[in-house]
Amino acid sequence: MQPILECRGLTKFYGGMPALTGVNLQIPKGRIVGLLGPNGSGKTTLLKLCAGLLTPTGGQLLIDGREIGVETKAVVSYLPDSTYLSSWMRIQDCLDYFADFYADFDRRRAEGMLELLQIPANARMRTLSKGTKEKVQLVLVMSRRAKLYLLDEPIAGVDPAARDFILNTIISNYSEDATVLISTHLIADIEKVLDDCIFISHGQIARYDAVDDLRAQTGKSVDEVFREVFRC
């Protein structure tokens, strides 16, 4: 089966400094994958390249067998690590924006999740807490019928009580043949939903394992293995 994401010698430099160097990677369809690494390891750069927000310095990046372009952006749903919706917008405006911009946006699904979160549609973004803004953005992103979801630190800004809801939202709102790639530091919280994990260090893939295989081989959790691999 053709992978949903493939990197062939992918490289990205910022002003002569390497962020990614010679990344070779294949991610299959229908998986929830953790992209795990310390600060500055290249996680956000890789996600932005996949979303088409950055241009590679070298190598090749394919989404569903296609070079990055209009076709790939139509099947990728990206959650950045910062708020991008304008502060003047009401939640209703955000829904209108996504409905106008994305043909695969399921408005009914988004409204249902917002209702469960008790976030009123007439609330303005500037009145919401940082955590609530992140919940709104996640609802919008996960309400698309995408083939690849790219989530950059989706639970970093929310309280522990809300994390289970967000993880359940991720699990229950994507189709079986879609793939979710999640960048996070909160490995202990998120590893229960992961099928695979990728360790990235200094812009290179350090290891890529199925979570069950990693636990069987090491007798440890993903979080414990991560702490050993990246111990200061």
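## Close-up views of a predicted model

**View 1. The six-stranded sheet.** Six strands make an open sheet in the order S6-S7-S8-S3-S9-S10, and the pairing is mixed. Strands here are DSSP runs of E with at least two residues, helices are runs of H or I with at least four, and both are numbered from the N terminus. Two strands pair if DSSP finds at least two bridges between them. Strand S6 (76-79) and strand S10 (204-210) are the edge strands, each with a single partner, so one side of each has no neighbour in the sheet. On average, neighbouring strands of this sheet are turned by 15° against each other, direction ignored. A word on the source: this is a predicted model, where local features need pLDDT of at least 70 and side-chain atom pairs count only at pLDDT 80 or more, while totals for chains, interfaces and linings use all residues. Residues are numbered from 1 along each chain as its sequence is written, and side-chain values use heavy atoms, with hydrogens and water left out.

View 2. Strand S9 (residues 196-201) pairs with S10 in the antiparallel sense, over 6 bridges. Look for Ile198, whose bridge partner in S10 is Tyr208. Helix H9 (residues 222-229) lies across S3, S9 and S10 and runs at about 15° to S9. For such angles, axes are lines fitted to C-alpha atoms (for helices, over the stretch in contact), and the angle between N-to-C directions can run from 0 to 180 degrees.

**View 3. The four-stranded sheet and helix H1.** The other sheet to look at is open too, with 4 strands in the order S2-S1-S4-S5 and antiparallel pairing. Strand S2 (17-27) and strand S5 (66-67) sit at the edges with a single partner strand each, so one side of each is left without a neighbour in the sheet. Helix H1 (residues 43-51) packs on this sheet, touching S1, S2 and strand S4 (58-63), and its direction makes about 115° with that of S1. A contact means heavy atoms within 4.5 Å. H1 also lies across strand S3 (32-36), S6, strand S7 (148-152), strand S8 (179-183) and S9, running at about 145° to S7.

View 4. Strand S1 (residues 5-14) and S2 pair antiparallel over 7 bridges. Tyr14 stands opposite Met17 in S2, and Leu10 has Val23 as its bridge partner in S2. There are 2 residues between the strands of this hairpin, and Gly15 takes a positive phi near 55°. In a regular strand, side chains alternate between the two faces of the sheet.

**View 5. Aromatic rings.** The whole structure holds 8 aromatic pairs. Rings of Phe, Tyr and Trp (its six-membered ring) pair if their centres lie within 6.5 Å; planes under 30 degrees apart count as stacked, over 60 as edge-to-face, and the rest as tilted. Tyr97 and Phe98 have ring centres 5.9 Å apart and planes at 65°, so this pair is edge-to-face. Tyr97 is partly exposed at 38% relative accessible area, whereas Phe98 is buried at 3%. Buried means under 20% relative accessible area, exposed means over 50%, and partly exposed is in between (1.4 Å probe, protein chains only). Tyr97 and Phe98 belong to one aromatic cluster with Phe101, Tyr102 and Phe105. Phe226 and Phe230 form a tilted pair, at 4.7 Å centre to centre and 45° between the planes. Phe226 and Phe230 are both buried.

**View 6. Two loop residues with positive phi.** Gln118 is not a glycine, yet has a positive phi of about 60°. Find Gln118 in the loop between helix H4 (107-116) and helix H5 (130-142), where it is exposed at 72% relative accessible area. Glu153 is not a glycine either, and its positive phi is about 55°. Glu153 lies in the loop between S7 and helix H6 (160-172) and counts as buried, with 14% relative accessibility.

**View 7. Stepping back to the chain.** The protein chain has 9 helices and 10 strands. Its radius of gyration is 17 Å, close to the 17 Å that the globule rule gives for 232 residues, so the chain is as compact as a globular protein of that length. That radius is taken over C-alpha atoms, and the rule is 2.2 Å times the number of residues to the power 0.38. Buried residues make up 50% of the 232 residues.
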